Amino acid sequence: MLYGIAAAATALLLSAFLTGVLRTPALRLGITDRRRRRPLPLSGGTAVAPATVLVAAGADAAGLLPLGAGVGRVVVAAGCVALLGLAADLRRLRWWVTPAGTAVAAGFVVPYEETGVAAGVAAVGWIVVATAAFRGLDHADGLAGTVGAVGAFGVAACATAELMDGLAALLGVLAAALVGFLLHNWFPSRAGLGATGALFTGFVLAASAVFVRAGQGIGAGAAVLYALTAIACADAALVVLGRRLDRRAVTRGRPDHLGHRLRRLGLAPRAVPVLLGAGSAAGALVAVCVHTGRLSPGAVWWVVAVAAVLVLMLVRRPVTPVFRPRQRVTSASSQVSKQLRVRSG
């Protein structure tokens with residue numbers, strides 16, 4: 001217990017330190033995103049992933065928090081996915097490169113001896129989809145870090161119920177690293193997560209959830225896996241449905257994610273991650289209760305229904321400003337000039 005707390009505290013401090021230190025190199029290398037018309041350094045990913053891997057691997061090597069062979073494969077595969085995300089942050093890759101690389105990494109971590117070949121292949125596909133969906137959450141300040149930390153606690157609770165202490169320790173370290181990153185990512189953010197951190201976090205969460213549910217019922221397993229990632233799945237469904245209805249390419253980025261549309265409803269920037277984080281916590285709570293047998297798998301249908309209502313309510317919300325900034329300036333200046341002409345006349 002004490003070793004776990006010490007590892008989590010170390011990961012939090014290391015992640016917070018690296019996120020701040022790596023901001024300037026990220027700006028110089030062009031590893032940035034555009035928010036509020038300013039470049040945002042994506043140093044969070046290059047802090048969360050190393051902090052998680054170094055602390056988890058160091059505690060395992062010292063014998064303080066033994067991870068186990070299967071969990072060790074997850075850490076190595078997640079590190080490879082993080083490197084793929086770093087390549088995506090450094091230069092624009094074709095849309096299929098990151099899913100293909102994630103699928104290869106997932107193929108090495110799925111426990112086929114417990115899932116079977118068919119269910120194992122389905123698990124690989126789900127890991128790819130969940131990882132890609134989580135990457136889409138890095139579009140608003142504090143959102144990806146909040147949902148990721150909540151999801152890590154949810155999967156850790158399921159792992160603890162199965163006496164998988166090594167996996168629970170890894171997820172606790174990841175959650176702490178994300179909290180350290182959030183110190184720089186809360187509105188107004190000074191650093192972003194980027195593809196490096198988003199792919200790493202999504203992969204660890206999805207692969208860990210597969211490990212926890214391996215060898216158990218497929219129906220209940222699918223319900224638990226969905227509930228743990230309900231917010232990321234809802235965001236992905238909203239984006240795909242909205243772009244298809246607008247006859248736009250699904251792979252072409254637009255400000256049409258959950259956070260963007262909620263902002264258009266008038267929510268404050270800090271309210272978006274709080275609201276969606278609460279939704280993620282509710283889904284994780286249902287997942288833990290279903291996993292431990294306190295609720296039937298049918299309870300997840302309530303999570304599905306709420307997510308579906310949210311998607312259908314927001315899919316037709318406008319995703320672009322009514323007036324562009326230049327138009328606003330022009331209209332304001334024209335009104336001032338009209339008032340001056342009236343007064344002079």
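Modeller: The expected span of a helix is 1.5 Å times one less than its number of residues. Helices here are DSSP runs (H or I, at least four residues; strands are E, at least two), numbered from the N terminus. This is a predicted model: local features need pLDDT of at least 70, side-chain atom pairs count only at pLDDT 80 or more, and totals for chains, interfaces and linings use all residues. Residues are numbered from 1 along each chain as its sequence is written, and side-chain values use heavy atoms, with hydrogens and water left out.

Take helix H3, residues 45-61. H3 has 17 residues. From first C-alpha to last, H3 reaches 24 Å, close to the 24 Å expected at 1.5 Å a residue.

Now the buried residues (buried is under 20% relative accessible area, exposed over 50%, partly exposed in between; 1.4 Å probe, protein chains only). In H3 they are Gly 45, Ala 47, Val 48, Ala 49, Ala 51, Thr 52, Val 55, Ala 56 and Ala 59. Their cover includes helices H1 (2-21), H4 (69-90), H9 (165-185) and H10 (194-213). Contact here means heavy atoms within 4.5 Å.

After H3 comes Gly 63, with a positive phi near 80°.

The peptide bond from Phe 187 to Pro 188 is cis, with omega near -5°.

Another loop lies between helix H8 (143-161) and H9, and Leu 163 is found there. Leu 163 has phi near 60°, positive in a residue other than glycine. Leu 163 is exposed, at 69% relative accessible area.
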